[in-house]
Amino acid sequence: MAKVKSAYFCQECGHESPKWVGKCPSCGQWNTFVEEVVAKEKSSSGYQSTNKRANKPIAIQEVESTNEARIKVADRELSRVLGGGIVPGSLVLIGGEPGIGKSTLMLQIALQLSNLKVLYVSGEESAQQIKMRADRMEHDSKNCFILTETHTADIFREVEALGPDLLVIDSIQTLHSPKIESAAGSVGQVKECTAELMRFAKENKIPVFLIGHITKDGAIAGPKVLEHMVDAVLQFEGDRHLTYRILRTTKNRFGSTNELGIYEMMQNGLRQVSNPSEILISQKDKDSSGTAIGATLEGNRPLLIEIQALVSAATYGTPQRSATGYDSKRLNMLLAVLEKRGGFRLGVQDVFLNIAGGVRVEDPAIDLAVCIAIISSLEEIPLSSKTCVAAEVGLSGEIRAVNRIENRIAEAEKLGFTEILVSKFSMKGVDISRYNIEIKTFSQLGEVVSYLFG
């Protein structure tokens, strides 16, 4: 019998230990170590490298710098997030909540690449289930092939026979490598299967997309080394009860991590949203109190979002503070600023805040919009729907400058807003005359309150 080697792995971070320990020395979690069989004495299954020659060191000046030819895709949102297209030989990981649309997105991309041969490997769904989804998308491609398999040795055998130009794995947690005897989805299996796919992608210059599960905390399931091994990590986010989805990147070796793509989930698949600001602003017959429009940035993309606030008298002793899509701690800070610097009695009021459209915003540039929405609801004074806000609020009540103010102003002008409220410190060196929107500048919160509600 072949000898086997076992070790203990942390199920949270993947830290390896020769013996069981109660607390992980790497991530600090308790009772997360599980024993796994990590390797056999001999194994010839799985992906075998074709490069038998040893690499030799060369001077960096001798390395040829060439522009990588990217694979163009019809999906402009994915192309933007990846940095201009799919890089040959890249390994891309896509994570997201169950049912958010990861498989739908990748199948849609596979069907759209009709000029390339794509192999879609599924370990979770049958070929009939995938065909039903493809029929709903109303895309027809003769170069999209489906393989329902979880054994890596069988997958690479079919890959060698088919010779695809792109490989999709759904999902990495379902794969099983014969080199490791632990169960599929364990730390050892995820690491080994990803390593085999990485060697395959780099040696054959074939891009590989991995779909990954996430934990209840929103992090990608499996060891953290999984995210270190891949070239790009994409997060597919959104509320399953709403139609809009956001594709953002947290790691990208071939482009910026400041881009994001926005989709709308339809009956026949995901629709690209070219102008997300229009869908994030409610269409109303008349102005209502408690709403304000803020100009934010998601990566390099300016967005106009609607902030909704509701302020009412507290029924019980302790007032409620609730925020959806916004940091609750920052909300409490802004409420303290309004009470201390603005003189508004909010200590006896329930305050509810919502970012319309189901998006989550961390940009401090919407601070002033949040304050205006709260005051509007408290005083029952509606704000004009043609007014936009882009400024940060400091603890002393000052209106602070925000970055890339020109992009925010241009987006507001494009959507038909007549005025935008900004910090006067943001306009240094900005040519106001080239904008057809009225730009109001302020330095203190009190000035804004007097202008809008005075």
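Two strands are taken to pair if DSSP finds at least two bridges between them, and helices (H or I, at least four residues) and strands (E, at least two) are DSSP runs, numbered from the N terminus. The structure described here is a predicted model, in which local features need pLDDT of at least 70 and side-chain atom pairs count only at pLDDT 80 or more, while totals for chains, interfaces and linings use all residues. Residues are numbered from 1 along each chain as its sequence is written, and side-chain values use heavy atoms, with hydrogens and water left out.

The overall picture comes next. The protein has 11 helices and 21 strands, and its C-alpha trace spans about 85 × 55 × 55 Å along the principal axes. Of the 454 residues in the protein, 50% are buried; here buried means under 20% relative accessible area, exposed means over 50%, and partly exposed lies in between (1.4 Å probe, protein chains only). Contact means heavy atoms within 4.5 Å. Among contacts between residues at least 6 apart in sequence, 67% join residues at least 24 apart.

Strand E7 covers residues 166-170, and five of its five residues are buried. In a regular strand the side chains alternate between the two faces of the sheet. In E7, Leu166, Val168 and Asp170 point one way, Leu167 and Ile169 point the other way, and all are buried. On one pairing, E7 runs parallel to strand E5 (residues 118-122), to which five bridges join it. On another, four bridges join E7 to strand E8 (residues 208-212), again in a parallel run, and Val168 stands opposite Phe209 of E8.

Strand E8 also holds Ile211, a residue that counts as buried because its relative accessibility is 1%. Ile211 and Val168 are 43 residues apart along the chain, yet their C-alpha atoms are separated by 7.9 Å. Neighbours within four places in sequence aside, the contacts of Ile211 include Leu93, Ile94, Met106 and Tyr120, along with Ile169, Asp170 and Ser171. A contrasting case is Asn115, found in the loop between helix H2 (102-112) and E5. Asn115 counts as exposed because its relative accessibility is 62%. Asn115 and Arg136 are 21 residues apart in sequence and 21 Å apart in space, C-alpha to C-alpha.

A further set of parallel strands involves E17. From this strand (residues 387-390), Thr387 and Val389 point one way and Cys388 and Ala390 the other way, and all are buried. Strand E13 (residues 291-298) runs parallel to E17 and is joined to it by two bridges, with Val389 as the bridge partner of Gly294. Strand E20 (residues 419-423) is also parallel to E17, and four bridges join the two; here Val422 is the bridge partner of Ala390.

Cysteines deserve a brief word. A disulfide is a pair of cysteine sulfur atoms within 2.5 Å, and the structure holds zero of them. Cys10 is buried, with a relative accessible area of 0%, and Cys144 is buried too, at 16%.

On a 1 Å grid over the protein atoms alone, a cavity is a set of points where a 1.4 Å probe fits but cannot get out, and a pocket is an open set with protein on both sides within 12 Å along at least five of seven lines; lining residues have an atom within 4 Å of a point. Grid points are joined across faces, edges and corners, and a volume is the space filled by probe spheres set on the points. The largest pocket has a volume of about 490 Å³. Its lining is made up of 22 residues, of which Glu237, Gly238, Asp239, Gly358 and Arg360 lie nearest the centre. Strands E9 (232-237) and E10 (244-252) each supply at least two residues of this lining, and E10 gives the largest share, five residues. Ala, Val, Leu, Ile, Met, Phe, Trp, Tyr, Cys and Pro count as nonpolar, Asp, Glu, Lys and Arg as charged, and the others, Gly among them, as polar. By this grouping the pocket lining divides into seven nonpolar, nine polar and six charged residues.

There is one cavity of 30 Å³ or more, and the largest cavity holds about 50 Å³ of space. Residues lining this cavity include Arg70, Leu82, Ile86, Asp231 and Phe254, and the lining comprises six nonpolar, three polar and two charged residues.
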